[in-house]
Amino acid sequence: MANLYTKTGDKGTTSLVGGSRVSKADGRVECYGTIDEAGSMLGLAYSQSKLDYVRETVHAIQGRLFALGAELASDEKGFEKLRDLIGEADIKFLENVVDRSTEVTGVQRSFVIPGVNPASAALHVARTIVRRAERAMTRCNEELQPGKRFFREEIIRYVNRLSDAVYALARYEETVAAECELRAKVEKMVKEELRTAANNTDAPFTLENMKRMAAAAEKKAKEMGVPIVFAAVDMGGNPVLLHRMEDSLLASIDIALNKAYTAASLKMATHELGEVSQPGKFLYGVQNTNQNRIVIFGGGFPYKYDGHVVGAIGVSGGTVDEDMEIALSAMNYRIGGIDQ
């Protein structure tokens, strides 16, 4: 393998593609060096973003920067050998990036202060580097005799669009990442509420209270238009109450009982069990035990009284989200909380 150092540039010169040597202070060297810098900064943004669209787009742009850099680093002889040139399709790609990103972020109506998150900050830096490359390319062209140009019009336009596209991606990253962060916070709050509802039962586990909870569940189910089965089991998993609404599914009887059995036997809500029974998690495969009575989707909650699990309830009949909402309505119920 050849050494990284060649010693040919020790006197301050470098070779262009095509063989001619120029000073490292030559404008063309500044141009392709700046594009190389932009590509590296885009790599930093790629490594920090968690958004598929941003990562895929940045990676595609990085690939085209190799073609751009090769052209910027070529003399006339080298240019004749190039086959992969930046063209109209590349410019259109960047315009599409701007359009798609703007559909998400909306029209820009105020100044943006970089630094919302690491990925967007890196994209903003990349955008300013691209602008610097554009200025260097324009300066190179203007320093030549009138009518002559170092660089084709297509690559000048491409670099101009590139800064716009990278800026649009930075705003896309800021907007979508903020939405994801908000969604994660909401989901965390919901989970905490679910956990609180499951842990803060202040009425004793009696048949009378289970009947009241079944009535609360039925009231909520009617409001939602979802016929359900409500089941309650004691701390040993034995059925205490089975409440079936008219038109509820026959299969919901076993499912509701098994949700309650699962919550009582494992002392945790079934939706929480679903999270820890996925491949690689510590309870993976638990649903295949206990004669297949273990349920790993939402709708079952342990019933705690005085800090101990003394039974559980299960609801089945709708979607998982509907079952959980109805079950929570029953879990949040307190004596006297439903019209009789």
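In this predicted model, P302 has A312 in strand β6 as its bridge partner.

| Helix pair | Residues | Axes come within | Crossing angle |
|---|---|---|---|
| α2 and α4 | 52-72 and 88-105 | 12 Å | roughly 160° |
| α1 and α5 | 27-48 and 118-143 | 8 Å | roughly 170° |

The axes of α2 and α4 cross at roughly 160°. Because of this angle, α2 is roughly antiparallel to α4; angles over 145 degrees count as such. The crossing in which α2 passes α4 is left-handed. On the α2 side, the residues Y53, T57, A60, I61 and R64 take part in the contact, and they meet D90, F93, L94, V97, R100 and S101 of α4. Sorted by class, this contact of α2 with α4 comprises six nonpolar, two polar and three charged residues.

For the other pair, the axes of α1 and α5 cross at roughly 170°. The helix α1 is therefore roughly antiparallel to α5. Helix α1 also passes α5 in a left-handed crossing. How do the residues of the contact of α1 with α5 divide, and how many are nonpolar, polar and charged? This contact has 19 nonpolar residues, together with three polar and five charged ones.

Terms used. Residues numbered from 1 in each chain as written. Predicted model: local features only at pLDDT ≥ 70, side-chain atom pairs only at ≥ 80, totals over all residues. Heavy atoms only, no water. Pairing = 2+ DSSP bridges. Helix = DSSP H or I, 4+ residues; strand = E, 2+ residues; numbered from the N terminus. Axes fitted to C-alpha atoms, helices over the stretch in contact; angles between N-to-C directions. Parallel < 35°, antiparallel > 145°, perpendicular 65-115°, else oblique. Left-handed = near helix turned anticlockwise from the far one by under 90°. Contact = heavy atoms within 4.5 Å. Nonpolar A, V, L, I, M, F, W, Y, C, P; charged D, E, K, R; others polar.
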